[in-house]
Amino acid sequence: MKILKGLLFLMLGAMIACQPAKKASEEKPSKPNVVVIYMDDLGYGDLSSYGATEISTPNMDALVNGGMKFTNGYASSATCTPSRYALLTGVYPWKNKDAKILPGTAPLIINTEQITLPKMLRAEGYQTALVGKWHLGLGSGHVNWNEHVTPGPNEVGFDYAYYMAATQDRVPTVYLEDGHVDGLDKNDPIEIDYKNNFEGQPTGKDNPELCEMMWDHGHNATIVNGVPRIGYMKGGEAAKWSDIDMADHFLAKAQSYVKTHKDKPFFLYYAMQQPHVPRTPHPRFKGKSGMGPRGDVILEADWCIGEFMKTLKEEGILDNTIIVFSSDNGPVINDGYVDFAVEKLGDHTPAGPLRGGKYSLFEAGTRVPFATYWNGKIKPGTSDALVCQMDLLASLAKLVGTEVSSTDSQELLDVLMGKSNKGRESLVIEATTRTALRKGDWIMIPPYNGPAKIKTVNIEIGNDKKYQLYNLKEDIGQTNNLAESKPEKLQEMIDAFIEIRGEDFSKTEKLILK
Ligand code: NG6
Ligand code: CA
């Protein structure tokens, strides 16, 4: 018996010795499931894990505190469409003139030949899905909502897509599944027009008595579920979504996707609609935050994330799933409806210590909650490395063992995994087609004409006739413009900016720069 044991031991030793030593570079890339949980208008200060004290977000916090929390994590833009464009294509949004807030009738702005995050992952054997907000355009001109709406998410890399076309405040207020309006009754066809109303249709403007939620600015066209929207819509009654059920609806789709696709690696882009307007919490969450609907829908979203995480756990795939959590742009309090978000805000500061908000070139426009979570693989921690959502394409490519070429996406896998603190050297941020440069601890905002503030939303958007230069490490609230006192630094920033923005920049904005 002893001899046998000894022999076995020897054989085992020999087997181990014969194994070639694996170099790190030869290691088989892992193929974890990849989930991007993307919020809509959630601000840097909207979560307890980013300093909020007036609202509690335990499930978002579990991702942020249980993973790498980035304090210098950026969306590419201060509005939705351009940020989503950059997230999915890895290309700066200002390189695509169509990457700006789109109406619900806009054509698809991603070229179907272009590499995208889901396409890259699909080529590596992933199943790919979108659940939630799209807002990157559909079709190639005039969309007939009663037929197969294409090209769309399916044509840019998603095998499966369940989505709202644009935003919750824009028509059509229906869901699409792989290019088909869900629940459409062919005898009640949908018509959409962003310019003219259809005869006899009530609108928020003419029929305020029909509005259960009143509009404040914009949002005064077709009324659906008592909520006036942007754009006119006729027909499609049976297909119209229920606003209060939207969060549950998307959650159920995300959960069922996970359950039915867990046997092979998948990529799920779970693009939630909260806390974008109209804020329509399910009655379960109504009044729960004490902050009005904006706080209530943040609690609702937090709950959804918790439920989604439970599903990953119950299905036994949590440890094999990397989750990226972020938001498409910064916060706005009054974005066009009378929902008392301003009046009920109390001491809550959605932008945290940052200046500005959605639409702004100031930090709160683009600096957003940003975390990577991978149970057992990413050690919880905080990183101040400069990272951008645009970098997910190159970084996740590296994770799954491939590369992407010719995009603006930087490969920062080690940073996202918490193994390195060497993020980007610089980043051009965008807000309503204006751009600025972050480099090191500095941000330079070139002179822009136009109002300093958008009055309706009460947000300073960063316009000034003079250059602005801030040291963000010392002055996170951007109160001390150093452009005049630090001319050399300013020049260095201008030179670096022009280098990235290239010829186009000097041609189109020369006058402003001089
Ligand atoms: C603006 C809307 C705003 C919101 C935004 C898009 C008005 C007055 N304001 O034009 O409510 O819909 O577009 O938000 O209509 S985003 O997060 O999708 O970029
Ligand atoms: Ca948004």
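Modeller: Gladly! Domain bounds come from an automatic or database domain assignment. Here that assignment gives domain 1 (31-186 + 235-420), domain 2 (191-233) and domain 3 (427-509). The centres of domain 1 and domain 3, taken over C-alpha atoms, are 27 Å apart. This is a predicted model, where local features need pLDDT of at least 70 and side-chain atom pairs count only at pLDDT 80 or more, while totals for chains, interfaces and linings use all residues. Residues are numbered from 1 along each chain as its sequence is written, ligands are numbered from 1 in the order in which they are written, and side-chain values use heavy atoms, with hydrogens and water left out.

Biologist: How much area do domain 1 and domain 3 bury between them?

Modeller: Buried area is the accessible area (1.4 Å probe) that two parts lose on being put together, summed over both. For this pair it is about 2500 Å², with 63% on carbon and sulfur atoms. Trp94, Arg355 and Leu361 supply 31% of what domain 1 buries against domain 3, more than any other three residues.

Biologist: Which side chains meet in a salt bridge?

Modeller: The term means a side-chain nitrogen of Lys or Arg within 4 Å of a carboxyl oxygen of Asp or Glu. Arg355 pairs with Glu460 this way, at 2.9 Å from N to O. Between domain 1 and domain 3 the count is one salt bridge.

Biologist: And what are the protein donors of the calcium ion (ligand 2)?

Modeller: Donors are N, O and S atoms within 2.8 Å of the metal (3.2 Å for Na, K and Ca); water is not among the atoms, so sites may look incomplete. Asp40, Asp41, Asp328 and Asn329 provide them, lying 2.2 to 2.7 Å from the ion. Along the chain, their spacing is D-D-x286-D-N.
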